[in-house]
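Have the viewer open while you read.

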Amino acid sequence: MSFDAKYEQVGATSAMHQMPRFGHASDFSKLFSKDEDEVTDYALGLIFGGALVITFFVIWLLVILVFKCLGQRRVGFLSGAPFTKTPEISAVGGNVRRPMITRCVFLSSGVILIVFGVLLVTQGITNLRDTISNVYYSNEQIASITRDAEDISTSLRLVGVSAAEIRNTIVGNLGNFCPDEVDVEAATGHDIDAIAQDTVDLLDDLGDFLNEDLVTLEDSLNTTTKASEDVDEVVNDIDLNDWQALIVLIPLIVVPSLLMVGVLMAMFESSNLIYTRVIDWCLLPIFVLITLFAICGCGAIMVVSTVNADWCYGEESTKFSGSSIQTNSPDGTVLNIMDELGFEQTDLVFRGVKYYVTQCIAEDPFVFITEYKTQLDEGNATMNDLVGVFDDIGVSRLSVICGIDYAPFEALVKIMVDNLRVLLDNVSSVLSLLECDRIVPIYTNLAYEATCKYSVTGATWIWSSLLVISTCALIMIMLRSSWQETVFEDQMLMNKDLGDAEYQEGQEFEGFEEEAYMNQTEESPNNGVAYDEPQMYMGDDDRGRNEHDMQ
């Protein structure tokens with residue numbers, strides 16, 4: 001039986017797989033290599049990509065800090081200082097294009113940031129949550145099948161050991177079934193020797209299964225159980241709930257919105273000093289932290305997205321050509337991983353994985369179980385024939401003919417028949433568990449849907465959203481002067497350039513006035529008594545007229 005579940009590659013898979021590696025490997029299976037150099041080579045290719053993104057944003061942040069240090073005189077509003085205008089330009093209508101354009105860019109960046117914050121949650125985290133749900137569901141199915149198979153294997157082992165002891169006794173008795181009668185068939189009408197020989201051969205084959213094939217099956221089940229437990233541990237560590245998504249979304253909406261309110265207030269010249277201070281000393285530092293988290297997350301998610309795309313892209317290997325492996329799919333990656341882990345192509349685990357990965361087109365590795373079931377059917381039929389001989393002839397008559405008490409032997413044969421029936425039921429259950437229509441859907445759901453559809457889509461949305469959020473956030477930080485009202489250039493000069501110098505000159509001027517006043521008092525003919533009222537300035541005509549009146 002074969003299936004026709006075609007793998008449809010998501011567009012982002014090829015794009016992320018082709019991220020620059022600077023000459024390093026892009027084969028996901030190298031992570032499982034026993035050669036540390038190959039693992040390091042693959043990891044370096046991933047780190048370079050993430051580091052390149054983070055480096056770009058770090059340089060941008062450094063440029064913003066340099067602009068801040070250069071100040072308003074050298075870089076204008078890029079330093080974070082308010083926009084300025086001259087009284088002359090303001091009187092004739094004012095050239096407000098630059099502040100208006102800057103504030104519009106700020107508001108546009110804020111809107112885009114909020115939109116991609118929503119997309120980060122609705123498209124990114126939601127798809128990752130679907131990935132985790134599918135992986136958890138598929139792994140639970142695998143674990144359930146494995147547990148059932150282990151229970152059946154244990155039953156096979158216990159019943160098989162009991163059956164082996166009975167088999168040895170039966171085989172010993174069948175070797176010389178009727179010592180006193182040479183021609184048993186003539187005496188009884190049954191070819192007991194032929195039945196005995198067939199029973200011996202079949203029971204020997206059953207013993208070989210218990211000693212060899214069942215051990216191999218148990219080893220394979222142990223390997224599968226360990227892998228399932230590892231997956232379960234990883235999935236349980238990843239917990240994406242609605243409240244966690246809200247924790248991500250709320251800051252990406254609230255903080256930019258409050259900054260945009262400040263910009264709108266400045267745009268309509270209705271700024272509030274307290275609100276502006278809250279933005280400068282509270283909201284801006286929080287926004288910077290959000291930006292730093294977005295930048296670091298962008299670099300980390302880029303690495304994760306690239307790894308996921310490498311897994312789904314599937315590097316082709318010449319070792320598995322002609323194995324009905326779909327090209328550019330996780331099928332090739334799975335077989336390459338098995339090869340890197342050291343499994344031989346003749347191992348049952350490798351052949352089993354290959355069988356299900358190819359959707360049961362490859363050679364069935366569980367033929368030995370089917371053959372064992374056939375042997376059990378034949379053994380059960382043969383043992384029933386032997387029981388039929390006892391029933392037809394009668395144990396007492398057969399004991400007289402052969403000179404042996406067959407009552408205990410008949411009891412053993414009937415117990416063996418019951419054991420064979422139990423073994424037959426268990427083997428049928430194992431074959432039912434290993435049917436393609438049970439395993440293949442689990443694999444295709446896990447590989448094609450969970451990790452190569454939802455996961456790639458979700459990781460790509462998260463990475464692209466964080467990339468846009470980081471870019472818009474840095475634009476808003478660079479244009480932070482937008483939430484401050486435009487001021488007159490003379491006012492800026494007075495506040496910035498005069499500052500303490502104005503105060504110092506004022507003090508010097510007051511000292512000069514006091515000194516001049518004291519000198520005038522000492523030269524006055526009024527016996528050193530100063531006038532309380534200030535003296536008015538008189539011209540030459542007034543002074544002459546005043547002197548004439550005094551004479």
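Helices here are DSSP runs of H or I with at least four residues, and strands are E runs of at least two, numbered from the N terminus. This is a predicted model, so to speak of a local feature takes pLDDT of at least 70 and side-chain atom pairs count only at pLDDT 80 or more, while totals for chains, interfaces and linings use all residues. Residues are numbered from 1 along each chain as its sequence is written, and side-chain values use heavy atoms, with hydrogens and water left out.

Let's start in the loop between helix H1 (11-17) and H2, where Phe 22 sits. Phe 22 isn't a glycine, yet its phi is positive, near 55°.

Glu 269, in the loop between H8 and H9, is another non-glycine with a positive phi, about 55°. Is Glu 269 buried or exposed? With a relative accessible area of 59%, Glu 269 is exposed; the cut-offs are under 20% for buried, over 50% for exposed, and partly exposed in between (1.4 Å probe, protein chains only).

Now the inside. A nonpolar core is a set of buried Ala, Val, Leu, Ile, Met, Phe, Trp, Tyr and Cys residues joined through side-chain atoms within 4.5 Å. The largest one has 47 residues, and those with the most contacts inside it include Phe 106, Leu 259 and Leu 474. Helices H2 (36-70), H5 (97-174), H8 (242-267), H9 (273-313) and H15 (436-478) each supply at least two of its residues. A second, separate core of 43 residues includes Leu 376, Phe 390, Val 427 and Val 440.

Contact means heavy atoms within 4.5 Å. Leaving out residues up to four places away in sequence, Leu 474 touches Phe 57, Trp 60, Leu 61, Ile 64, Thr 291 and Ile 295. Asn 127 belongs to helix H5 and is buried, at 12% relative accessible area. Beyond its neighbours within four places in sequence, Asn 127 contacts Tyr 454, Thr 457 and Gly 458. The C-alpha atoms of Asn 127 and Lys 453 are 8.7 Å apart, although 326 residues separate the two in sequence.

On to the charges. Side chains of opposite charge can pair when their charged atoms come close. With a salt bridge set as a side-chain nitrogen of Lys or Arg within 4 Å of a carboxyl oxygen of Asp or Glu, the count comes to 7. Some of them:

| Pair | N to O distance |
|---|---|
| Glu 38 and Lys 30 | 3.8 Å |
| Glu 340 and Lys 30 | 3.2 Å |
| Lys 453 and Glu 449 | 3.7 Å |

Glu 340 is in helix H10 (residues 330-340) and Lys 30 in the loop between H1 and H2, so this pair ties together parts 310 residues apart in sequence. Glu 340 counts as buried at 15% relative accessibility, while Glu 38 is partly exposed at 28%. Lys 453 and Glu 449 both lie in helix H15, 4 residues apart, about one turn of the helix. Shared partners join Lys 30, Glu 38 and Glu 340 into one salt-bridge network.
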